[in-house]
Structure formats: C-alpha cells, structure tokens
Amino acid sequence: MKLFIWVFVLGFIFVNLAYADDEGGDLGTVVVQASRSNDTVGDMNKDVTIITAKDIANSPAKSLPELLNEIPGVEARVNSSIKDTQVDMGGFGESSLTNVLVLVDGRRLNTPDLSGPDLSLINLNTIDHIEVIQGAGTVLYGDNADGGVINIVTKKGAESTKPSITLSSEVDSYKGNKDGFDLSGGLSKLTYQLDYDREQSNNYRTYNDYWANNYNSRLSYNPTDIFGIDFSQGYHLDRYELPGAISINDYYSSFYGTTIDGIDQLGRTGASPESEYYGSTSDSHFDVTPHAKFDLGSSNLDLSLFTSARKMDTNFVSADTAVNGYATNYEEESYAFQPKLILTSPLTDSLDNKLTTGYDYIYYTEDRRINVPGSLQDIVDATEASQGVYLLDEMTFDEHWLVNAGARGAWAGYVFNQTEQTPTKFDRSPTTEGYDGGFGYKYNPDSKVFVDYTRSYRLPTLDEFFQDPYPGAMGGDTAAIFNQGLTYQVGNQYQLGIKDNTIKDLHLGLTGTEVEYKNEIYDDPLTFSNANYNGRTRHISEEADASVDLLGKKVVPFANITFQQSSFVSGDFSGKQVPDVPDHLAHAGVTFLPLPGLSTSITDDFVGKRFAIGDDSNVQPKVKRYDTVDWSAKYDYKNYELWVSLNNIFNEQYFVYASGYGYPGPEVYYPAPGRNVQAGVKVTF
C-alpha cells in the first residue's frame, strides 16, 4: 500500500503533465515576512517554502508538528507530547533545538537555554501561513538560525468587516479534547483578532497527561496611509507529565541499583516510574510595532520598530524514587528592541536596489533554582545581552538577474552569578560576524535558479555555559559544571537550487546544501557536558519536491524527499556520522476534491535510519526506519466544517527517539503512537 502511494503520486505528476495548462505560477507575488525585507519568494536567492492558508485548509495535518513534517528537509519529532517536540533542519540531531530559529509574527520563540522553541504555544487554528527558509539566516536573524528559519504568521482581522466568531471542538483516541473560540473583524482603519483554546489529553503513554490554556490577540491601527501600529499579546498556561524513555527489555541498572522494566514488561504505552517527570509552564508576551511608509518619488522608505516583552515561569520535577529525584524552577524574562529601515530605489532604468538595515537588541534574564534532596538549593542568576547590526543589499537587473550581499556584526554579554551551593561568578563577552552573498537568475517571472554562500554562527546558550547539578547513582550528587572555555560555532554554507513554476499548476524544486562547521557545540558523550567539538563537522542535504494540480484542481498529488548526512570530518569521532540524523526524509500523498466543500487526503511519511543520541562512535546498530500512512477527510457546508483523521493506518510500531545514554544500560526509546483517530467540528457565525 505504501509503495502504491509513491508510485501513484509520481505517476500522476510526471505522466499527466501533458494535461497541465502551460502558464506560469504565482511565485513572484508571495511576500515573505521572514525575509525582513518584504521580498517575494521569487526575488530571494534562498530555498523558501510557503505553506499558505489554502495549503493548511487542504492539509490532513491536525497539529503544527504534522504540518511542518510536510515541508522538504524539516523533521518535527514529537517524543511524547506537544511539550516534547523537536524541529530539525540541516541535520543537527540532538542540538537542533538551538540551531533552528522559530518565529511567531517575527517574534522569537527560541529561549536563551537548551529547552528550544515551545510549539505548544501555537494553536494550528490560529495560523494564517508559514514561511520556511532552508539554510542559514544569520545576516538577518543572527543567533539560532544556522539550520533555517521558520516564521509562523498568525491570522488577523480585515478592515471594514463585520465581526466573525468561530467555535471549534476536537476529540481524539487518548481521551483528548480541545475547544476553541476566535473573534475577528475590523473597522475602516482598525482590525482585531482574538483567539482562545483549552485542551487536555492523556496522550499515548502512561504518565503522559497534558492540559493547557492559550489566549492570543492582535490589533492593528492604520490612521493614515503612511503611519500604523500593531499590537500583539498572548498568555499560555500548561501542566504536563513526561513518561521518559524506555528500553526494549528489562535490565539491572547500577545507576538506580534495581531492575528497570522495559517494553517487554510494560508494553509500548507503558513507562517506568524511575523516568517519570512532570512540570508546568506559564508564558506571556506583549509586542508593539509602530511602522511608517514614505513615498519619495521614485523611491520608497519603510521604517519599523519592533518591541517585545516576554515572561516565562517553568517548573520541572523528576519523580525518580530510586535517587530521590530533583526539582528545578526557571523564571525568565526577555526584552527586544529592533528598529529596521528598508529603502527601495531604482539606480537605473534596468537596475533596482533594495537596502535593508537594522539593529537588534535582546536582553534575557534567568533566575534558576535547582533542588536535590539532601543538598543545599542551587541558585543561579544569569543574564545575556545580545546586540546585532545588519545590512543587506539586493539588486535586480533587467528583471531577471538577482544579486544580494549582506553582513552582520554581533556582540553578546553573559553574566553568571551562582550564590548557592558554591558562590561563583563569571562573565563572557563573545563577538563575531556573519556574511551572506547570493546570485540568481529568473528565467521566467515565477522560476529561478540560485546559488548562495553564508558564513553563519551560533552562540552558546545560558545552560551550555552553566550545567545544572543532578543526582548521581544511589543518591550521590554531580556538581554543577561551568564551561568557561566554551565558544561560538562557525559554519560556511554553500547552497544551490532551482524553483520551477514554468507550467501552470506544476511546482518543482531541487536544492543542495553543504555546510562545514568549526567548533560545533554538541553534547560530548565522553564527558556528559556541552562542548565545542575538537574537529570539523560537515552537513550535506539534497531536497527535491513536486506537486501538480490536475483535473481542474480536483486531484492534487505531491511528493518530496530529502537525502541528508551529517558527519564528523576530523577530531575524536572522525569518519563517523552525527547521531539522531535520519539518512532520508520523505512525504507523499494525494488530495482529492471531488465535490464542492468535500476533500480527502491520503499521505505517507518516511523517516530513515539513524544512530541513537550519544552513539557518536557509531558502535550500536542504527535505529530502524519507519513508514506511516494517514487518511483524513473534511466537509464544509455553509458555516459548518466537519473533519476526521485516521493516523498510522497500518499500526506501524516505531520509535521517534533513541538514546545510547544508559547510565550504564541498553539504548532507550520513546515508542510512537499506534493507530488512532481524531475528529472535529467548526462553526462560524
């Protein structure tokens, strides 16, 4: 059945091209907010993918990670629940949390620590579209953008429209339910959008409950054609359990001093009490962005000032009875001040120029409390103040030739103050820079070939500099680690690609990327600490994607495949592969729209083999590949929408996560859900 889906899709795309209308697509008309330059897809010398509102409406995906997995080169892995999701681009494996930048309406979702962007803050129903830039976005965004940039653009109201209310409700196989409400509309110069949702689920495994409330609002006021101001505010609160990883068979652990049950005893839905965790999160933000546009005759000047304040409070507890567990509390605040200028002007009759420049200032503060029974509370106050100045110049010659060049200077200041257990204070002030240069040719208005070079960097996070203490075997404690010698990683990226929309309704893409890193920051399996790798690493990926609208857009087959390999070129693990990086990723399917309002899709997702986390020496067998098939259907009638989704139709048994850290012991895994059902309804007034 799975092979049939791939043959069917590829056959439809390549055999039925003769029936497609020979007209161009609309690549050049889509503006990419993540470009920070108001560029269209066709004017960027980058591999850019846009998931439009129509794509989201027709997609069988019912969560943000599922939607991201449809994008070439993106792996969004849900280990046990939405709270434990990791997005990888560029083949970083375990360290992808700090090498992929996720934005929401241009606001950073990444945090200054190793926790990575929290996708539970985003409700799929609130998303208007998603912009994905494959490859480094260092010049425009600086830190965290080594692997790529994902900008999630949320819905907003439209001017001069009546209020619209949408109520939604969903259920799933794991006693999950989700209820939502949104209100949108606008006056002559004012738009508004308000969203609220509440959800809870037992999820697939034991010790895996999840509960959350989300509230978000957007307000835009444009009193004149020149000046406007945007407001955004949101609040998220959740409580959750994480079941931890589990081995295949039971084994005796010297770390715990007891026998640990495995899947053979607990089943795939089970969890060991020794690896149970639970926590809670509150996250609030408030953003204000005044902006102005000036017509200077033949030139245009755009000014904006993005300001943001965010506060997070995270509590996390290990309920580990064997070593008495531990508890942490993180109180984090961040403030952003980001002015930007865009000047667009013709230099000659055939040469247009766009200059984008700006300044980014982001200040983080973190108060950390770590409690290990029988020990003093560990208290650390940490701050990071990062600054960046960037400039990007883009030229278009004769409407066909594209040239861009840019640079960024970055400065950061870290201060760590440990007052308990051992008073320690130190600071670091790294400085670095990034560059970008590209060349492209648009051989028709909606198709291009491009090449791009980027010098990228990633700065260490707060808890890569400082690692928390944790309980050791049989109650002994491991002290906190100060990585004062840690420095930033540097990458040199080369990307070559083609995006073709020559034939109407046929979309083809092919991109190759190679990056070589120096001082890549990783979790050293020999010392169990974060470190700069003592050699070079190389990340290579080739991505191909195709889709076509057939029979008056009633049948839409699509497919993409990614070949990737990340390897240690020199150093301790020279010649070995970076763990947790699948050698293949693929997504294919067909969407049928036989009647007005009715659509149904069947999709196949494939993830290739990879070494387990911690197996940098590549001594263990690779984690097996997996292949899942999903089906969904949706029906719109007047102001109602009904949908149902059957996931993992063939009940594939697989693991989304594998770790070689056994303390000591065998490899441990996160079993993925088997066959399950979701269904929902929406009503709009």
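Phe 568 and Phe 573 are both buried, where buried means under 20% relative accessible area, exposed over 50%, and partly exposed in between (1.4 Å probe, protein chains only). This is a predicted model, in which local features need pLDDT of at least 70, side-chain atom pairs count only at pLDDT 80 or more, and totals for chains, interfaces and linings use all residues. Residues are numbered from 1 along each chain as its sequence is written, and side-chain values use heavy atoms, with hydrogens and water left out.

Let's look at the rings. Across the whole structure, a search finds 18 aromatic pairs. Rings of Phe, Tyr and Trp (its six-membered ring) pair if their centres lie within 6.5 Å; planes under 30 degrees apart count as stacked, over 60 as edge-to-face and the rest as tilted. Here are two such pairs:

| Pair | Centres apart | Angle of planes | Type |
|---|---|---|---|
| Tyr 522 and Tyr 533 | 5.5 Å | 90° | edge-to-face |
| Phe 568 and Phe 573 | 5.5 Å | 50° | tilted |

Tyr 522 and Tyr 533 are buried too. Ring pairs also join Tyr 414, Phe 416, Phe 426 and Phe 465 into a cluster.

Some rings meet a charge instead. The charged end of Lys 62 sits over the ring of Trp 643, 4.4 Å from its centre. Arg 268 lies over the face of Phe 655, 5.0 Å from the ring centre. To count, NZ of Lys or CZ of Arg must be within 6 Å of the ring centre and within 35 degrees of the ring normal.

What about Leu 510, buried or partly exposed? Leu 510 is partly exposed, with a relative accessible area of 49%.
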